[in-house]
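Please keep the sequence and the structure in view while reading.

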Amino acid sequence: MDYPDKTPANPKPRLRILIVEDDLVAVEILTSILRSTEHTAVAVGSAEDAIQKLNSDKDFDVVLLDYHLPGMNCKEFLEAIRNSENQKNNPNLWVIAHTAEQRADQIETLLAAGANDYLPKPIFPHMVVLKLLTAQYNTARYKTLKRRLTFLESWRASILKETQKDQEA
């Protein structure tokens, strides 16, 4: 018996990921995992470089953020990007903080500061893939809702325009 092809007409969109990590070994591990998923990634070594990158390039979908960064801690970085122009231009930016410290209060602090998810260290490929699937689903959902809202707003505007024409006539 032949089964119909269940392959979607449009393949899943790939994510653009910004890796914010000062440890070169961790960068190499993350980039090798991401190569196998066919997502594209850019790595920077500091929070300041990441903020500059996010402000100059609005097309990132995900930030993989190390908890311990030189110069600016993770919480300060999250507050900076969530309160910046980048947030207005890319409100669906998904931030995954990764840390070896897995205390509940620390994770709660990260989530309250603006992280969407966290990834425990040591980094395992299947956990990275799972977190990215979650990010991919949520960013796609946001984009779909935004398209629907745009359509509804234009539809509402056209109805109001028609109503005004009828009232004037």
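## Terms and basis

Residues are called buried under 20% relative accessible area, exposed over 50% and partly exposed in between, using a 1.4 Å probe and protein chains only. This is a predicted model in which local features need pLDDT of at least 70 and side-chain atom pairs count only at pLDDT 80 or more, while totals for chains, interfaces and linings use all residues. Residues are numbered from 1 along each chain as its sequence is written, and side-chain values use heavy atoms, with hydrogens and water left out.

## Confidence

pLDDT is the predictor's confidence in each residue, on a scale from 0 to 100. Its mean for the protein is 81, and 85% of the residues reach 70 or more. Over residues 1–11, pLDDT stays under 50. For that stretch the model has 0 contacts beyond four places in sequence, a contact being heavy atoms within 4.5 Å.

## Overall fold

The protein has 6 helices and 5 strands. These are DSSP runs numbered from the N terminus, with helices being H or I of at least four residues and strands being E of at least two. The order from the N terminus is β-α-β-α-β-α-α-β-α-β-α.

Of the 169 residues, 37% count as buried. Among contacts between residues at least 6 apart in sequence, 66% join residues at least 24 apart. The accessible surface comes to about 10,600 Å², and 56% of that belongs to carbon and sulfur atoms. Areas come from the Shrake-Rupley method with a 1.4 Å probe, and for residues only the protein chains shown count as cover.

Which residues of helix 2 are buried? They are A47, A50, I51 and L54. These residues lie on the same side of helix 2, because they cover an arc of only 100° around the axis. The arc is taken over the directions from the helix axis to the C-beta atoms. On the face turned away from the buried side, helix 2 carries the exposed residues Q52 and S56.

L54 belongs to helix 2, which spans residues 47–56, and has a relative accessible area of 1%. Its C-alpha atom is separated by 8.2 Å from that of I81, a residue 27 positions apart from L54 along the chain. In the loop between helix 2 and strand 3 sits D61, which is buried at a relative accessible area of 10%.

## Salt bridges

Side chains of opposite charge can pair when their charged atoms come close. A salt bridge here is a side-chain nitrogen of Lys or Arg within 4 Å of a carboxyl oxygen of Asp or Glu. The whole structure contains 7 salt bridges. One of them joins D57 and R16, with the closest N and O atoms 3.1 Å apart. D57 lies in the loop between helix 2 and strand 3 (62–66) and R16 in strand 1 (residues 16–20), so this pair ties together parts that are 41 residues apart in sequence. D57 counts as buried at 18% relative accessibility, whereas R16 is partly exposed at 25%.

D66 and K121 also form a salt bridge, their closest N and O atoms being 3.1 Å apart. Because D66 is in strand 3 and K121 in the loop between strand 5 (117–120) and helix 6, the bridge ties together parts 55 residues apart in sequence. D66 is buried, at 4% relative accessible area, and K121 is partly exposed, at 23%. Through shared partners, salt bridges join E21, D66 and K121 into one network. Another salt bridge pairs E28 with R35 (3.4 Å, N to O); E28 is partly exposed at 46% and R35 is exposed at 55%.

## Surface patch

F151, L152, W155 and I159 make a nonpolar surface patch of about 430 Å². Patches consist of residues with over 30% relative accessible area and no salt bridge; like charges are joined within 9 Å and nonpolar side chains (Val, Leu, Ile, Met, Phe, Trp, Tyr) within 5 Å. F151 is part of helix 6 (residues 125–168) and is exposed, with a relative accessible area of 52%.
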